[in-house]
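I am opening this notebook to keep track of what I look up, one topic per entry. I begin with the terms I need and then go from the whole chain to single residues.

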Amino acid sequence: MASVDKLWREHVVAARGQTLEDLAATDAANVAVLIGEESERLIRDLQRDALARRYPVSIVSLAEYPLSALDEVLREVAQNLRLPDVRGVAKHGLGSALSAFVREHGTASVERFDEFASADGLSGELRHLARQAIEEEGSEKPIIRWIRGRALTRTQERAGLRPLDSRTAKSTLVQFTRLLRTLGYPGTRLVFADAESLVDLSPGKREVAYTVLRELVDNADSPRGMIAAEVLLIGGPGLLDRKASIYSHPALASRLLSDVLIGPPQPHRPLELLEPPEDESRDTLGAPPRTQPVPEGRVSPLRAQLRIAQGLPPLDGIESLSVGMDQIDARLNRLFTHAAHDASVFALLVGDYGTGKTHHLMHLESRALADQRPVFHLSVERLDEDLGNPQRHLRRLLEQGVLPGRRHTGPFERLDGWLSRRSKRRELLALLWEIAESDREASVAASLALGESTETELDTDSVWEVLTTRDLEHRSSAPRHRRDAYNRLHLWLELLARLEGCEGPVIILDEAENLYRTGVSRRERRTAMRSLAFYCGGSLSRACVVLAVTPDTLEMLREEADELLDEIDEQVSSLAEEDPSMLRRRLRARPITISRLRKADLEELARRAYKLGRRARGAVPDPSWEDDLQTILRASATPREVVRMVAMRTERLAWSGVP
């Protein structure tokens, strides 16, 4: 007879199995933390279960490869990849997956790969290298050499490939999950073992590791995020109860640790215990539920349900969970109206963790796209490398951009469409010549993009290189390179306006609290202010720029800004468009404050989340809902906690039949 511990472990594996099936059905992704001493057997069971379901698995020890160096972790992810073949026998490595794809599709392999890659949103270096491998009948050498950090060949450099390093690691992780989906696997499970070792890192590395983890949680499931993927961090209790635990990082704690642990393990819980409570018995625990397929008609509401279970607003139909937005909507209407008259407007969005700042930003994005405004995000991540250096962060800004339209594609996908159609190439060529011959900010960038173009023939290689900014990433922060980056952004905005009918852009600057994380020097903050002065200072015509901050970060910014901006103003290397005086005034503007919702609004929000959950999981008898609703409202301090507790209650009811 199995012990309670073994039975509990079976419940954990079954719940995570349902999680995998749900993620694959909805093309979603999530991150979870599993806490307990006895983790080795569980990791083996999780691997066995995933492989049995035909999901590739990779296990990496964070004690050996710390999360603060995500590129090194990713190299191990690729090295340790295990995947099942059609007979269910586990094999190693991407090479086996590529060879299996070639065997299955034969002479149509390249054509099928291009078709599936486009459908799954696979792009970047992994698409290029995997396609090359398939052309060479499954040879893994090019892709493995790249993953292991070997120097790029001249051919790869000419193709615009970037090395796998700290700046490209997160986007590569995203593309890694999409590549496995393209190669025919339903999804991916990544297991990061020995997660308690994060606590033992030096303060600077630990802060970076926690920030990377927070970025993975926020960006795992997004239009530019991972697909059909689960990331599990498994470690001892110290990850929660030691001095430098996850609780010491407020942004991360608000995302992962606000779930109330009620009952046995269940799917999609962001925090799970690996050992049963002392009072748990075999009779009360029972056998684990069986995994259930997702009915086709429930995929869309389930995707939204899984988002709010992770404490994130849904990607589509966000208005269905937008409560108490009337005043903010009125402010947005005024901002968009002013921005439409060739002005650049600026707003501060201020809110504590968990009050709904992310939800408000997504509401803003939804409004902007409906108003034909492209939306660009620039989070303050890896400050010393990115924010103050537009030649480095411009590509990231464009990669995370979302354009109006039915599919909400990004700028690079739209550029690919322009270059692949003859009529659009002719239109683009004429427009580039017109801009190049003008006196507008974009003229120099347009001339650069034209390269060796003639009046009748477009130099597509030059256009692609200039507009994807790959040639800028490793340039210094000299004024000429920063101005080059700003000019290319002006060119992008003009092309989107003329070729796609876009209105002025919305630029969202988020996570500014990272300006004050451990290890960020005053000099680095001054450099960051330089870029903030460009984006927030009125240089971009018809733009609406929103700086999202917590109240304490805004206070620190205001206290330090005058002195730092004075120093920038005195520097010989400052550019006119990096206007400190305008930023100084705008940081004193009256913010849009996200206030705590009234009880009536929280109750309305909870009821909407409950309605969504029943659409996702089915309307089963639930006689205790009204009583439980009041308990949830009493126990929850923020909108995030309310909707997450409602979603997890729905998941618990659907999984075990007990609310």
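This is a predicted model: local features need pLDDT of at least 70, side-chain atom pairs count only at pLDDT 80 or more; totals for chains, interfaces and linings use all residues.

I call a residue buried when its relative accessible area is under 20%, exposed when it is over 50%, and partly exposed in between, using a 1.4 Å probe and protein chains only. Helices (H or I, at least four residues) and strands (E, at least two) are DSSP runs numbered from the N terminus. With these terms I looked at helix α3, residues 70-79, and found it mostly covered, since 8 of its 10 residues are buried. Those buried residues are L70, D71, V73, L74, R75, E76, V77 and A78.

Residues are numbered from 1 along each chain as its sequence is written, and side-chain values use heavy atoms, with hydrogens and water left out.

I counted 28 helices and 12 strands in the protein. Along the principal axes, the C-alpha atoms fill a box of roughly 80 × 60 × 50 Å. Buried residues make up 58% of the 659 residues. Taking contact to mean heavy atoms within 4.5 Å, I found that, of the contacts with a separation of 6 or more, 78% join residues 24 or more positions apart.

A nonpolar core is a set of buried Ala, Val, Leu, Ile, Met, Phe, Trp, Tyr and Cys residues joined through side-chain atoms within 4.5 Å. Which residues touch the most other members of the largest core? Of its 66 residues, they are L432, L491 and L495. Helix α22 (residues 479-500) gives this core its largest share, 9 residues. A second, separate core has 65 residues, including A117, L213, L216 and V231. I then returned to L432, which, leaving aside neighbours within four places in sequence, is in contact with A446, A449, L450, L458, V463, L491 and L495.

Not counting residues up to four places away in sequence, H490 touches E441, A442, F534, S539 and L540.

I found V375 in strand β9 (residues 375-379), and its relative accessibility of 0% makes it buried. Apart from neighbours within four places in sequence, V375 is in contact with E365, A368, L369, Q400, G401, V402, V506 and I508.

R522, in helix α23, is partly exposed, with a relative accessible area of 33%. Not counting residues up to four places away in sequence, R522 touches E560, E563, L564 and E567; the C-alpha atoms of R522 and E560 are separated by 9.4 Å, although the two are 38 residues apart along the chain.

R54 has a phi near 75 degrees, a positive value in a residue other than glycine, and R54 sits in the loop between α2 (40-52) and β2 (57-61). At 31% relative accessibility, R54 counts as partly exposed. R542, likewise not a glycine, has a positive phi of about 60 degrees and lies in the loop between α23 (522-536) and β11 (544-549).
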